[in-house]
Amino acid sequence: MSPLEPALPRAAYLDDEVWARERERIFAREWTVVGRAADAPEPGDWIRGTVGGESLLIVRGDDGALRAFFNVCRHRGAELAPCDGPAIGHANGALRCPYHSWTYGLDGGFRRAPFLPDGTLDRDAFALHPAALDEWGGFVFVHLEPAPASPLATQLGPIPDRIARYDLASLRRGAQLVYEVAANWKVLAENYNECYHCATLHPELCEIVPDFRRAGGPALDWERGIAQRDGTWTFTASGTSDRQPLPDLDADERVRHKGELVYPNLLLSLCADHAAAYTLIPRGPAATTVVCDFLFHPDEIARATFDPADAVSFWDVVNRQDWSICESVQRGMGSRAFTGGWFAPMEDQSLDIGRWYDARMSDS
């Protein structure tokens, strides 16, 4: 009997029809990360995000609440915040369509249209189309259904409790890297969820975490955290930093590394002094934008000597190694010789995406 288990079928990574189904079965029915709440701190601030090919506008209202709307004017469908423009901006008291100047309140309600007398159109009937919004850990999650089937807390499950001491909501972005990766979003998630490849692909990472070299990295205690080489405690080339550990961590978390895959599109790598947060934005079957935010304690960012380059440069090396091999996988899967992949026993964590994915894509 073979010790291997089949991966998702070839079509799951290549076919436009599957991508269209994912948009409906996953990205229209799951809470999905679109950004950080700190990017819209004041009334009128907005963030433009993308979920399953849909453009969303996240707006801070006069009451201080964030709300999500489809980025579509009710008049002729123009984008209120064009997708070829900035992803963050500010509206002075109202949202105005750049096409015919139809105007909406920060709460999404219709206000006015040029040359139409006030009261001609009903405020609520012509309001912007809403999406649901919630927050956790400083991340903004949206759900394309205004009344989602389940709350965000249900989808997150035990994750918030496992990493509560990192207090992600209090952290602020110290740097950001954006990558365009020619690979399916599930290839990236599967790669993140196993370390069978680490000894081959990540020599710098294995210098900091020698356990990643041992027998393909099986049976790693992710809940407690992964032990680092003696004398190291963060992910930089030296394994150290002049930054202080996050204040609420326990003794293990000050010297161990933790990781979480928050389905469907948030990858978290947690170190003692910073978090690397990866938001996956699928663009199609073979294209994914990856936004990598480096989050630090605000007291560290406020220091005159703050410099995130040691963490950023280390992660950039590791990231590019991952993206390069993921693109190779995507190209290889396009071969007529490839009929489907396999998971080895030490890749058991990678099977999680198959179980998670099948449950959502199934007709039952």
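## Stop 1

Select Val-18, Arg-21, Glu-22 and Arg-25 in α2; they meet Tyr-357, Arg-360 and Met-361 in α10. Contact here means heavy atoms within 4.5 Å. The residues of this contact of α2 with α10 divide into three nonpolar, no polar and four charged. In this count, Ala, Val, Leu, Ile, Met, Phe, Trp, Tyr, Cys and Pro are nonpolar, Asp, Glu, Lys and Arg are charged, and the others, Gly among them, are polar.

Before going on, a word on the model: it is predicted, local features need pLDDT of at least 70, side-chain atom pairs count only at pLDDT 80 or more, and totals for chains, interfaces and linings use all residues. Residues are numbered from 1 along each chain as its sequence is written, and side-chain values use heavy atoms, with hydrogens and water left out.

Now show the whole helices: α2 is residues 16–25 and α10 is residues 351–361. Helices (H or I, at least four residues) and strands (E, at least two) are DSSP runs, numbered from the N terminus. The two axes come within 10 Å and cross at roughly 80°. Axes are lines fitted to C-alpha atoms, for helices over the stretch in contact, and angles run from 0 to 180 degrees between N-to-C directions.

Why do residues three or four places apart in an α-helix point the same way?

## Stop 2: the buried side of α10

Stay on α10. Which of its residues are buried? Select Leu-351, Ile-353, Gly-354, Trp-356, Tyr-357 and Met-361. Buried means under 20% relative accessible area, exposed means over 50%, and partly exposed lies in between (1.4 Å probe, protein chains only). The cover over these residues includes β1 (5–9), α1 (11–14), α2, α5 and β18 (340–343).

## Stop 3: α5 against α9

Move to helix α5 (residues 185–192) and helix α9 (residues 309–333). They pack at an angle of about 130°, with axes 10 Å apart. That makes α5 oblique to α9.

Which residues touch? Pick Val-187, Leu-188 and Asn-191 in α5. They meet Asp-322, Trp-323, Ile-325, Cys-326, Val-329, Gln-330 and Met-333 in α9. This contact of α5 with α9 divides into seven nonpolar residues, two polar and one charged.

Next, select Ala-183, in the loop between β12 (172–181) and α5. Is Ala-183 buried or exposed? At 0% relative accessibility, Ala-183 counts as buried. Leaving out residues up to four places away in sequence, Ala-183 touches Leu-188, Pro-285, Ala-286, Ala-287, Thr-288, Cys-326, Glu-327 and Gln-330. Then draw a distance from Ala-183 to Glu-204: they are 21 residues apart in sequence and 23 Å apart in space, C-alpha to C-alpha.

## Stop 4: aromatic rings

Colour the rings of Phe, Tyr and Trp (its six-membered ring): they pair if their centres lie within 6.5 Å. Planes under 30 degrees apart count as stacked, over 60 as edge-to-face, and the rest as tilted. How many aromatic pairs are there by this rule? The count comes to 15.

Zoom in on Tyr-104 and Phe-110, an edge-to-face pair, 6.1 Å centre to centre with 75° between the planes. Tyr-104 is buried, at a relative accessible area of 0%. Phe-110 is buried too, at 7%.

Jump to Tyr-278 and Trp-315, also edge-to-face: 6.3 Å centre to centre and 75° between the planes. Tyr-278 lies in strand β16 (residues 274–284) and Trp-315 in helix α9, so the pair ties together parts that are 37 residues apart in sequence. Tyr-278 is buried at 3%, and Trp-315 is buried at 5%. Ring pairs link Tyr-179, Phe-235, Tyr-278, Phe-314, Trp-315 and Trp-323 into a cluster.

## Stop 5: backbone details in loops

Select Pro-264, in the loop between β14 (256–262) and β15 (266–270). The peptide bond from Tyr-263 to Pro-264 is cis, with omega near 5°.

Last, pick Ser-101, in the loop between β7 (94–96) and β8 (103–105). Phi of Ser-101 is near 65°, a positive value in a residue other than glycine. Ser-101 is partly exposed, at 24% relative accessibility.

Methods:
Parallel < 35°, antiparallel > 145°, perpendicular 65-115°, else oblique.
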